[in-house]
Amino acid sequence: MKIAVHHYELNALGSLNSKYKKTLRQGALLRVTFEDGLIGYADCHPWDILGDPALEQQLNLLACETTT
């Protein structure tokens, strides 16, 4: 399995949630090529305020073929 990663950032013009002032969201678009030649796409966009592991941690786990 081969995973291609493209990092991105989303910037809100205003507060996304009045309780949480952070308006910058980071994520990664993924293209996964499997051994049989099939290709799949995904968006890894963790929500740290909901307890998701950080983006880099999730990408490192995917590189080891492990999920969260």
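Q: Is E65 buried or exposed?
A: In this predicted model, E65 is found in the segment after α1. A residue counts as exposed when its relative accessible area is over 50%. The relative accessibility of E65 is 56%, so E65 counts as exposed.

Q: Which residue follows α1 with a positive phi?
A: The phi in question is near 60 degrees. The residue is not a glycine, and its place is in the segment after α1. The residue that follows α1 with this positive phi is E65.

Q: In what order do the elements of the chain run from the N terminus on?
A: The secondary structure comes to one helix and three strands. The strands are β1, covering residues 2-11, β2, covering residues 24-33, and β3, covering residues 39-44. The helix α1 spans residues 55-63. Read from the N terminus on, the order is β-β-β-α.

Q: What share of the residues in the chain is buried?
A: The chain has 68 residues, and its accessible surface comes to about 5300 Å². Of that surface, 56% belongs to carbon and sulfur atoms.

Q: What share of the contacts between residues at least 6 apart in sequence joins residues at least 24 apart?
A: The contacts counted here are those in the chain between residues at least 6 apart in sequence. Among these, the share that joins residues at least 24 apart is 35%.

Q: Which residue meets R25 in a salt bridge?
A: Side chains of opposite charge can pair when their charged atoms come close. The structure holds one salt bridge, with a distance of 3.8 Å from N to O. The side chain that meets R25 in this salt bridge is that of D48.

Q: How many residues apart in sequence are the parts tied together by R25 and D48?
A: The side chains of R25 and D48 meet in a salt bridge. R25 lies in strand β2 and D48 in the loop between β3 and α1, so the pair ties together parts whose separation in sequence, in residues, is 23.

Q: What is the relative accessible area of R25, and what is that of D48?
A: R25, in strand β2, is buried, whereas D48 counts as partly exposed. The cut-off for buried is under 20%. The value for R25 is 10%, and that for D48 is 42%.

Q: Which side chains make polar contacts with the side chain of H45?
A: H45 is found in the loop between β3 and α1 and is buried, with a relative accessible area of 19%. Leaving out residues up to four places away in sequence, H45 touches Y8, L10, R25, Q26 and G27. Among these, a polar contact of 3.0 Å is made with the side chain of Y8. Another polar contact, of 3.3 Å, is made with the side chain of R25.

Q: Where in the helix do the buried residues of α1 lie?
A: In α1, L55, Q58 and L59 are buried. Seen down the helix axis, the buried residues fall within an arc of 100 degrees, so they line one face of the helix.

Q: Which strands are included in what covers the buried residues of α1?
A: The buried residues of the helix are L55, Q58 and L59. What covers them includes β1, β2 and β3.

Q: Which residues does L55 touch, not counting residues up to four places away in sequence?
A: L55 is found in helix α1. At 9% relative accessibility, L55 counts as buried. Beyond the residues up to four places away in sequence, L55 touches H7, Q26, G27, A28, C44 and P46.

Q: What distance separates the C-alpha atoms of L55 and C44?
A: C44 is found in strand β3 and is buried, with a relative accessible area of 8%. Its contacts, leaving aside neighbours within four places in sequence, include Y8, G27, L30, L55 and Q58. L55 and C44 are 11 residues apart along the chain, and their C-alpha atoms are separated by 7.4 Å.

Q: How many Å apart in space are C44 and L30, C-alpha to C-alpha?
A: L30 is one of the residues in contact with C44. The two are 14 residues apart in sequence, and their C-alpha distance in space is 7.3 Å.

Q: Which residues form a nonpolar patch on the surface?
A: F34 lies in the loop between β2 and β3 and is partly exposed, with a relative accessible area of 37%. F34 belongs to the nonpolar patch, whose residues together have about 280 Å² of accessible area. The residues that form the patch are M1, F34 and L38.

Key. Residues numbered from 1 in each chain as written. Predicted model: local features only at pLDDT ≥ 70, side-chain atom pairs only at ≥ 80, totals over all residues. Heavy atoms only, no water. Salt bridge = Lys/Arg side-chain N within 4 Å of Asp/Glu carboxyl O. Helix = DSSP H or I, 4+ residues; strand = E, 2+ residues; numbered from the N terminus. Buried < 20%, exposed > 50% of the residue type's maximum accessible area, 1.4 Å probe, protein only. Patch = residues over 30% accessible without salt bridge, like charges linked within 9 Å, V, L, I, M, F, W, Y side chains within 5 Å. Areas by Shrake-Rupley, 256 points an atom, 1.4 Å probe, with all protein chains shown as cover. Arc of directions from axis to C-beta. Contact = heavy atoms within 4.5 Å. Polar contact = N/O pair within 3.5 Å; in protein donor to acceptor, adjacent residues only side chain to side chain.
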